[in-house]
Amino acid sequence: MPRQVRATILLLAMLTVLTLVCACSTKTTPEPAVTTPPPAAPVATTDLSKQPAALGVGSQPVQSGPVADHQAVAGLERIHFAYNQFTLEEPSRITLEQNAVFLRSNPTLKVAIEGHCDERGSDEYNLALGERRAVAARNYLVSLGIAGDRLTVISYGEEQPLVAASNEEAWAKNRRAEFKVVR
């Protein structure tokens with residue numbers, strides 16, 4: 001073989017060996033597995049334009065921790081909410097109108113509106129949802145002419161269930177706002 005052909009073959013062989021050596025010696029680090037968090041539970045949105053404006057309520061802080069002596073009184077009925085909602089359905093508005101009649105006939109009573117949730121959801125989420133439920137009830141009572149300074153709001157979230165069971169019937173009863181006279 002001519003000397004130039006041998007040099008070309010030798011050069012090609014060396015390049016092939018060099019390519020194989022480089023390809024085999026390259027370490028590939030595996031990419032870390034990306035774990036996608038599970039989708040969050042859908043958050044209910046409420047069109048606040050459908051809620052009555054709070055007339056004269058101002059920005060009262062929501063109570064937390066132990067509260068004054070709250071007492072249930074005949075004439076103030078609880079209302080219930082749909083799952084993950086704080087909108088007032090027709091039956092709740094009717095009950096609130098009846099509560100407003102009672103409050104008008106007892107003008108010295110001050111009322112704590114307690115927001116409650118079922119056991120599903122985080123503690124933080126349920127406390128916020130309970131507050132929204134109580135505020136929606138307060139706003140509606142204020143729109144009916146009840147003075148905002150007679151109404152305080154507190155959220156218990158899931159901490160005080162009405163029914164201690166884990167089924168739809170119990171959950172429906174636990175999603176509520178209670179009205180208690182402050183003594």
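**Grounds for the descriptions**

Reply: Asn84 is found in the loop between strand 2 and helix 2; helices (H or I, at least four residues) and strands (E, at least two) are DSSP runs, numbered from the N terminus. The model is predicted, so local features need pLDDT of at least 70 and side-chain atom pairs count only at pLDDT 80 or more, while totals for chains, interfaces and linings use all residues. Residues are numbered from 1 along each chain as its sequence is written, and side-chain values use heavy atoms, with hydrogens and water left out.

Me: Why does Asn84 count as buried?

Reply: Buried means under 20% relative accessible area, exposed over 50%, and partly exposed in between (1.4 Å probe, protein chains only). Asn84 has 11% relative accessibility and therefore counts as buried.

Me: What is the phi of Asn84?

Reply: The phi of Asn84 is near 65°, a positive value in a residue other than glycine. Most residues other than glycine have a negative phi.

Me: What places the buried residues of helix 2 on the same side?

Reply: The buried residues are Ser92, Thr95, Leu96, Asn99, Ala100, Phe102 and Leu103.

Me: Why is Leu151 called buried?

Reply: Leu151, in strand 4, has 1% relative accessibility and so counts as buried. Six of the seven residues of strand 4 are buried. Leu151 is also among the residues that touch the most other members of the largest nonpolar core, which has 24 residues; such a core is a set of buried Ala, Val, Leu, Ile, Met, Phe, Trp, Tyr and Cys residues joined through side-chain atoms within 4.5 Å. Helix 3 gives the most to this core, with six residues.

Me: What makes strand 3 and strand 4 a pair?

Reply: Two strands pair if DSSP finds at least two bridges between them. Strand 3 and strand 4 have six bridges, in the parallel sense. Ile113 has Val153 in strand 4 as its bridge partner.
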